[in-house]
Amino acid sequence: MKKFLIIIFTCISVTVLGQTYKSFEVREITKNEKANGETDFKGSTEVLDTEGRISFLKYYSKVASSFFNDKNLDYEPVPLELAKFIKNRIKPQPLPNIRLRQQLDSFKYIGYSFDKNRREIENLKFWKGQNGVVVRDNKLLFEKSTTIKRSFDVITWRGRIEFSLKTFDSKVLKLNLGEKVFISDLELSVGIWNKIDIEIDLASAERGYNVFVNGVKIVDYALINNLGSIDFIAIYAASGTEIDDIIVTKYGEKKFGEDLHDRDVPYTVNTVLYDSFQITPDPKFSNSVDYDDSEWALVDEMPYAYGGERYKGERLYLRSTFDCPSNFPSKNRERAILNIEAIFPSGEVWVNDKVVHVSKKPTPIGVDITDYLHDGQNIISIVVDPNQVKVTNRHTATDIYTGWYTGRVWIDYTSLDHIEDVYIVTDSVEQNNAKIFANILLNTERWLKNEREVKIYNGFKGYVKVEFFEWFPNEFKVPIAVEESDVDVELYEDKILKLPVLLENAKLWNPEKPQLYKVVVTLLDENKTPIDDYVLTTGVRKISQINGTFCINNEPYMMNGALILGHRAPLENISRHMYCAPSYILVQDLLKIKKMNGNTIRMSHHDQQWGGTNDPRYAEYADQLGVMFQWATPAWVRSGSPWLLDFESLPQYVHQLRNHPSIVMWQPANHPKVGSTLEESMKWFEKVYTTIWQVDSTRLISPTANQIRMHAPSDDGKLTSDGKPAKPYKIWTAPMITRGNMDHMTGYGANWEILRNWPYTKKWSGEQGWRENANRTTYLKSKERAYFDFENEESIAQPNWELMRGKPEYKIMSYEWDADKGSIGRLLTTEEWRESQAFQAMSAFEAIKKKRILDYDGFAWCELNGGGNSGTYLKPLLDYYGHAKLSYHVLGMAYQKSFACSDNVDMAYGPDDKVNVIIVYWGEAGKGDVSILIRDDKNKIVKKKKFSDIFLPLGRGSISVGQFKVDDLKPGVYTFEYELKIK
């Protein structure tokens, strides 16, 4: 554990003295002269036939799984327990000292609807008629040893039965699922609650079931014989046994037609029994302090999400009681501002039986509740409306009841003369000296109420002081920089003060060394008595594009990582946690990226044509863990018209997060499409840019992740997408505008010649037409702007099906299922899942290698986590349950800062071929040695080669090392292992 923490909290692989980087390639060696030159895996220069390619992939899978020490392909990079451990070591945000911040994190909640109420009444009526059991304290108690039986809608395909049980004699326990499945001798802990989960699979040829107790599998796919369906559960247990929450989920089979879109909804999900042995209290009058909430449950953490098919139609009710501070109202604590990060999709906020806010969007909330508070106990009540997806898309979960939630809640008690907002901007970085501007928004509400007609000056005169403290990873009490200015604020003026601060020898933030400052802004009166303060954390870092290269703090950088779509396991939470997941899951996402040498997440949470999240926790954790974001915001639009983008709310979302150094790019759209005119797309670009720029001018802006669909002109704007003269638009070359597309060379069934010829491609005739050149070469050659691949590759890989037996997505192919025909030559069967993973991994490395040679500025794989298409999405690097596919390991190899490899994507070496060795590098200047070991199919080393003292210049690029021939080797498939040592 300690070793892992050191890796996570220091840095990803860095090109430094003494560092070693390893990589490998697999190549066919043949005497066939057709293999001379750059040979395709499948394409016009291929030498392998279809079955030869399958054999090649079988060999690749064997080599790669051994190389990465994951022979069973069941590795889980970041288990949840580890994520929870790391989450508990994230440093909490500092609190102000003068203003009082009251965190409201002790909420109780219920979910309520009239349908739920009727169901609960009917369930209790059923149990009152059963012998030998009684409902007591919201649990089913066995008064004697007996059998209970509960029927439900018949399961004929796949399903799940779950319940909690506490017994003092587990040997007596027996379960019947229908007429012919008998389960006994379960390994249960006596005298405590056990969570029992049973997965039922009646669809597969072998037919079986799994049993989990407290998350541990204790029955591994026991076979079921001669059974057509299951329509009840019977439980025989000893006297004193208690049972709680019997839940039965029925998964319905989907019959697929020829249309690939049929597979967007791979099966149905329906909760056919939910027996909680209680009646949820009526929330009427719950916004009153006198309401009895003793039957409400405690929220385990804020923010809190609710929802999913199981709870469809239920409103979420939250209550928290609190006492006003004893010195409120008093000097410096004269007003109370209630802050809520977000309410989604809509809802109401009540304080002491009065509505203080109605929310229609998940924009941040700040409302003055001074006049609603009173001495003693107060109550805040939040009511969140249920959500249901209205317009589904390809990746929408089968469960369309996407979670409704409330963000974190707090009250700030401040002076009437106060600081409204602080925005810290790193203006320049030179030799580690940083020029900072603290943009401070001030206001005064000190109206002299005894004046019928104002005759005297009502403004505020005083001082503002700004202090910078080192805060993370090490915290110091003495500021390293202090600046002060006098200030004069008119009543209700909203005065902005721009105060320059010079940080000498600043500790700069970057993903490899995330260092943060605490900034304390203090408002002082004319006597220099502090009356208010505003405290935040931020990183000092400068984002830029220098000579066409993405830079942090004037140094060449890359953004390498993957997308997060928000589909979380287990399946009952796939929709609930789409936009708002528990904190440890967010940390888990960040750690998964770090573990594969990545440094970037592209935010792409969505369940329909629009979506997105602005969860500040992601940014807070990434600030400390060292991960960058291409951030979307909830104004985000996925597809269709770009004008679906919520321009009204976009600046509020940007404002909410603009002090976080981990966010390096705003990207408010995915791949929408306009009509046929460049003028229309540039009009939209300008509106996006100006909307963001007025709030934040410090980050890159990529209005869309796929500029080709917006008819993007050449980099200088002088040519249309098809090469004709164009009227230049200023917005296209505006400051911080950057370039990017979705450059998947090997995905969607592409053959190898597209990769070989990249970036010089013909127009692709596929569904989206994204592979045409369309000025891509001008972006790569740009001396002004960086160029990113926002969804790289899109090649597919089946999961390790052995890890999914019994689950509803077992052996179901997503809409990408036929891509193998174009890339390999035929469909791979579910028995060839290893070969499937091998192709995804191999093609990913070769493609990213080529793009790094072409000097791309970064990559984002679509996506990191399995879960899209209800767990059947084939492109992700991890399966739905967090197990790594080969591609996860291989991307870690391709994302190394530096590595040695061949200089092209030649898959078969002919008799006249030479292996041209290069180093792809990024980092400090230095010297390196490259060693190459060539192994045959018996893993025997048959050839060695070494190149010494290769100079690596400062920056990023690729450099030639040398070449050698392999015509002395026998025909066959070989592994080329490269090792780069930086001296």
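This is a predicted model: local features need pLDDT of at least 70, side-chain atom pairs count only at pLDDT 80 or more; totals for chains, interfaces and linings use all residues.
Colleague: Which residue does Arg-99 pair with?

Modeller: Arg-99 forms a salt bridge with Asp-532, and their closest N and O atoms are 2.9 Å apart. Arg-99 sits in the loop between helix 3 and strand 2, while Asp-532 belongs to strand 33, so the pair ties together parts that are 433 residues apart in sequence.

Colleague: Is Asp-532 buried or exposed? And what about Arg-99?

Modeller: Asp-532 is buried, at 0% relative accessible area. Arg-99 also counts as buried, with 6% relative accessibility.

Colleague: What separates Arg-118 and Asp-115 in helix 4?

Modeller: They are three residues apart in helix 4 (residues 114-128), which means a separation of about one helical turn. An α-helix has 3.6 residues a turn, so residues three or four places apart point the same way. The side chains of Arg-118 and Asp-115 meet in a salt bridge, at 2.1 Å from N to O. Asp-115 is exposed at 54% relative accessibility, whereas Arg-118 is partly exposed at 45%.

Colleague: Turning to helix 6, how many of its residues are buried?

Modeller: In helix 6 (residues 616-625), 10 of the 10 residues are buried, so the helix is largely enclosed by the rest of the structure. Among them are Tyr-618, Glu-620 and Asp-623. After the helix comes Gly-626, which has a positive phi, near 85 degrees.

Colleague: Which residue forms a salt bridge with Glu-620?

Modeller: The partner of Glu-620 is Arg-408, with the closest N and O atoms 2.8 Å apart. Arg-408 lies in the loop between strand 25 and strand 26 and Glu-620 in helix 6, so this pair ties together parts that are 212 residues apart in sequence. Glu-620 has a relative accessible area of 12%.

Colleague: What is the strand order in the open sheet of three strands?

Modeller: The order is 34-35-36, with antiparallel pairing. Strand 34 (543-546) and strand 36 (555-556) stand at the edges with a single partner strand each, so one side of each has no neighbour in the sheet. Strands 34 and 35 pair over four bridges, and Ser-544 has Cys-551 of strand 35 as its bridge partner.

Conventions: Residues are numbered from 1 along each chain as its sequence is written. Side-chain values use heavy atoms; hydrogens and water are left out. Two strands pair if DSSP finds at least two bridges between them. Helices (H or I, at least four residues) and strands (E, at least two) are DSSP runs, numbered from the N terminus. Buried means under 20% relative accessible area, exposed over 50%, partly exposed in between (1.4 Å probe, protein chains only). A salt bridge is a side-chain nitrogen of Lys or Arg within 4 Å of a carboxyl oxygen of Asp or Glu.
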